[in-house]
Amino acid sequence: MSLLQVQDLSIYFHTRNGVVKAVDGISFDVEAGKTFAIIGESGSGKSVACYSMLGLVPMPPGKIESGKVMFQGRDLLTLSEKELRKVRGKGISIIFQDPMTTLNPFLKIGDQLMEPLRLHFGLSRKEAWQRSIDILEEVGIKNAAQRMNAWPFEFSGGMRQRVVIAMALVTEPEIIIADEPTTALDVTVQAQILKLLKELQERRNIGVIFISHDLSVVADIADEIGVMQYGKFVEQGDRNAIFNNPQDEYTRKLLAAVPGTQKFCASLSPAAMIKIEDLVVEFPGGKNQDTVIAVNSVSLDINRHEILGLVGESGSGKSTLGRAITRLVTPTSGKIYFNDEEISHYSLARMKPLRRHMQIIFQDPYASLNPRMTVYDTLAEPLLLHGICKRKDLETEVFALMDSVGLSRESVLRYPHEFSGGQRQRIAIGRAIATKPEFIVADEPVSALDVTIQAQILDLLLELVERFDLTMLFISHDLGVVRYLSDRIVVMKEGVLVETGTVSEVFETPSQDYTKALLDAIPGKSLLDGL
Amino acid sequence: MTSKISTQSLDHDIPKGTSLWEDALVRLRKNRLSMIGLGFLLFVMIVCLLTPWIAPYGYEEQNLRLGAIPPSMEHWLGTDTFGRDMLTRIMYGGRVSLLVGFIATSVALLIGVTYGAIAGYAGGKTDAFMMRLVDILYALPFMIFIILLMVVFGRNLLLLFLAIGAVEWLVMARIVRGQIQSLRQQEYVEAAISLGLSPAAIIMKHLIPNALGPVIVYTTLTIPNVMLLEAFLSFLGLGIQPPESSWGLLISYGVETMEEYPWLLVFPGLALTTTLFALNFLGDGLRDALDPKASRD
Amino acid sequence: MWRFIGLRSLQAIPVILAVITVTFFLVRAAPGGPFSSEKAVSPQVQAALEAQYRLDQPPLQQYVSYLTDLVQGNMGPSFYYPGRSVDELILQGLPITAELGLYALLIAVIIGSFAGVIAALKPNTMQDYVPMSLAMVGICMPSFLLGPVLVLVFGIMLDWLPVSGWGDSYGDKILPSITLGAMYAAYIARLSRSGMLEVMSQDYLRTARAKGLPESVVILKHALRGGLLPVISYLGPAFAALLSGSFVVETIFQIPGLGRFYVQAAFNRDYTMILGTTVFLSTLIVVFNLLSDIAAAWVNPRLRYQFKK
């Protein structure tokens, strides 16, 4: 008998603009000690489905149209708010996505941990205190007794997520809903948290519903998978079946989007376009804070016509390095050569003629476009500024750019907020290639996008590199993406380059422990290596 | 930033996008309270503008025999103790109140936006110093200082504009500086730098249009504050001086005789309150329209 | 935390000094001496008077001796009330104004935050519209209008409450306190509503609900702290505003407090009194801003933590 049975669950949102079928007739079972993974892109209804079981979806506008959720012999959907409260946190706990915002910043960790114990079991403060310490130790928090008195902001992201997990486990629930629990974390931390979850689940025989947008994360931990699109499961079944023999078109698209294969290595021409020597970038700290050394004596060559992948976790200084090369940031010391010209301390005015030869693409397509400029204005700006084309040819040129990045000409007069994330990124790429640059820094250009869109944008980038003979510094935290695209890889940690090599060197014979740790942390390794 | 596109490259019309301004306008139009507020304000402004031509009586036209009479067909809002027509006096008073509101707000706007933009764009130590100064000034009891100024230099209308404007610019400077600072870190500004745009072009094309929304909102909300301040001072007898008049002054006269002639208090009070209402409703509506995220419930 | 308090207190000193300096020279720069309005007096009497008020000294020396006196708590004699010192007048008015301000502040904070929280719990329902409409009325109805209207209605027409004085007759403190507190209650209601709405959309409230906590605990334990933070930061500026508001309220209700003295001093061109009260009130306001900053930092664990180290 399964712990939880969901039958034909439908939840619609009745909004002013019509009915949105957020969840449309899904059914699944959760077994003790097993993980059921729900995969879907943002807006597919995966979170709504799970929160509705516990009455955490605001109604109205939400409305349960049909279905049953059987748990401990009762249909959760028919319970009163009061009865539901006894299930929440006791029978079923939730681990939310972003550990930075799920803990109350105004309460100590201990208070927050003890709260469900005292509420559901009526434990005394002393008993609850001891139980909380035990659970903190179990999730791997050292000095648990002292840490009980700490504030949430005193923990790093990974540690906070451990606290959140502890909070979910402290009442010994039968089921845990994990809603993208590692999406906000760095890869190596993600690997640790996934491992922890798996261990705890096995030890305590908990049923887990694991919500994710990322097939590769799920590959290592799921027993069963439901692929969700527009509120429906387009495919549902055993993990191996889904990965080896996907039936649905959409599942295949998702699988194909996992950047697995390695790029065919182009023959390298050794001429360096960018040469960096002993580059240091420091940021003055605020009050009572030390200076931050973001980039610490980095030396690096980027050869003509190569794609160099720059890998590192958040805070490693990889973005700062990219911004220093394009001189958005002034280096503290060291030299940067662009085509043998030293540009490390050029003024804004002296940089200007060089700007058309080096461009940058940013991570967040929502922030990288001026919300008050149409596509036309955005693309025309660089063309006019650098006199790329005459005014009368401007229109033709803008249309040509839109064609190259795969934007419909019809949308030329639209504003950024009228586009999806992927389309916005296309506009940003169009702006970057408008001046026909030789060199482009791509700073995490796909990490804010849904997986299927990621694959499209990566392919667009590859195509443009071929077509315009570009040289590219591709910055990413995602080794899989970097492997898909790059000729060579450098690994950065705490401002220092720790490893450099061709893709096969770095992936097959990493020389540094840190690189090995990063490689081990790649989610869905089993997927890449073949099942 | 309007773009001219001939449709020759396509065989049919290109659909025009909706800019954020147009979006905001649509949202504002849907806000009934704001639209009523806007309509009322326009009405009051036009009446005040045309007062010298449309006022039913002369400003100083006394009729001592008449004395204070309640509202009647000849004098819609009654007369004061000198037999002067209240409607006329309220219309003339409104001219001064609105004038103070708009001019002092412009002063605040001018100083605040310039100061805030410089601090925000300069960043670093300059910014820290400039904003620290604002913090310090903000901690000062400005009402007391305005009274002091009025006492020391006499009750001068121009000085009143300057003094009130000088108080209200602080918040404006903070808002603009915060806007510019957060906008500067936006990637589209970095993108503009990496395209090679000059600082002036970046400020004009990328920063100002995006910082404008909150400035408009705050300006709308500053005007009622300023009008209140003026009325407050005039009420105490430290602002506008006779023979000039303002709503605050009329209220203060009204208070003296409110037991016998309550209409002398009620009508100027209504004029001030309804105008403040209209401005506040418009300001709230503009905030909802221009910055839907900040006021999302 | 002590470091924070120490640092902020140190910053307050130059501010207060600047206020004293500016006020002093502003008052000295005022056209016409304090006695020019009165009848012509003989040169001897004029000289004697000027000596008594130290007006015969050069300005800088006057300034220095004023500062020295001030440190010793002596603000000099009043120009207008011969034989009475500024200290005496301030001490006489202070308790009354302080009491009035306290009542008004209590009304503002209690009613204001209650209304704001109530409104935020059910946004866009009657429970939101009613208190927020009242708040809007409060903001658009300045004290110099609200006061007379209250007097007219409750004092004269209904004859329920006395309309002037302070502590002279039963219930005469009610109307002035309401008049002074109303507008700030309205501000605080709006502040706490938006603060609560902000907090209510935070993820950690969802966490609290997912634990199975009843809604009352979710609101009282998890939401209130963060939601009322802006109100605490507003208390400093609110205090300054209350003080200036007391000028009007004390005038309307004929309350012999500091505010009325200040306005009268302004009319009477009682320069030493203006100087003294300005310095005194400014110091008070700066101190209150400091206290409200400290309180805000105290509630915010992150700030508290930063300064503990």
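**Stop 1: two helices in chain B**

Select helix α3(B) and helix α8(B): α3(B) passes α8(B) in a right-handed crossing. This is a predicted model. To find the pair, colour residues 86–122 of chain B for α3 and residues 199–236 of chain B for α8. Their axes come within 8 Å. The crossing angle is roughly 145 degrees.

Now show the side chains. Which residues in α3(B) meet α8(B)? Among them are B:Ser97, B:Leu98, B:Phe102, B:Leu109 and B:Tyr121. On the α8(B) side, look for residues including B:Pro199, B:Ile203, B:Val215, B:Met227 and B:Glu230. Sort the contact by class: 14 residues are nonpolar, five are polar and one is charged.

**Stop 2: where chain C touches chain B**

Zoom out and select chains B and C. How many residues does each chain give to the contact? Chain C gives 49 residues, and chain B gives 40.

The size of an interface is often given as the accessible area lost when the parts come together. Here, the area buried between chain C and chain B is about 3700 Å². Carbon and sulfur atoms give 78% of that area.

Next, pick C:Leu26, C:Cys140 and C:Phe144. These three supply 17% of the area that chain C buries against chain B.

**Stop 3: the salt bridge between B and C**

Select B:Asp284 and C:Arg190. They form a salt bridge, with their closest N and O atoms 3.1 Å apart. How many salt bridges does the rule find across this interface? It finds one. The rule also finds one residue pair in polar contact across the interface, with both residues at pLDDT 80 or more.

Stay on the side of chain C that touches chain B. Elements giving two or more residues there include α1 (2–29), α7 (174–200) and α12 (271–299) of chain C. Which element gives the largest share? Select α1(C): the largest share, nine residues, comes from there. By class, this side of chain C has 36 nonpolar, nine polar and four charged residues.

**Stop 4: a link within chain A**

Over all chains, the structure holds 29 salt bridges. Go to one of them: select A:Glu306 and A:Arg488. Their side chains meet at 2.9 Å, N to O. A:Glu306 lies in the loop between β12 (292–303) and β13 (307–311) of chain A, while A:Arg488 lies in strand β19 (residues 488–493) of chain A, so the pair ties together parts that are 182 residues apart in sequence.

Note on methods:
Residues numbered from 1 in each chain as written. Chains lettered and ligands numbered in written order. Predicted model: local features only at pLDDT ≥ 70, side-chain atom pairs only at ≥ 80, totals over all residues. Heavy atoms only, no water. Axes fitted to C-alpha atoms, helices over the stretch in contact; angles between N-to-C directions. Helix = DSSP H or I, 4+ residues; strand = E, 2+ residues; numbered from the N terminus. Left-handed = near helix turned anticlockwise from the far one by under 90°. Contact = heavy atoms within 4.5 Å. Nonpolar A, V, L, I, M, F, W, Y, C, P; charged D, E, K, R; others polar. Buried area = accessible area lost by both parts, 1.4 Å probe. Salt bridge = Lys/Arg side-chain N within 4 Å of Asp/Glu carboxyl O. Polar contact = N/O pair within 3.5 Å; in protein donor to acceptor, adjacent residues only side chain to side chain.
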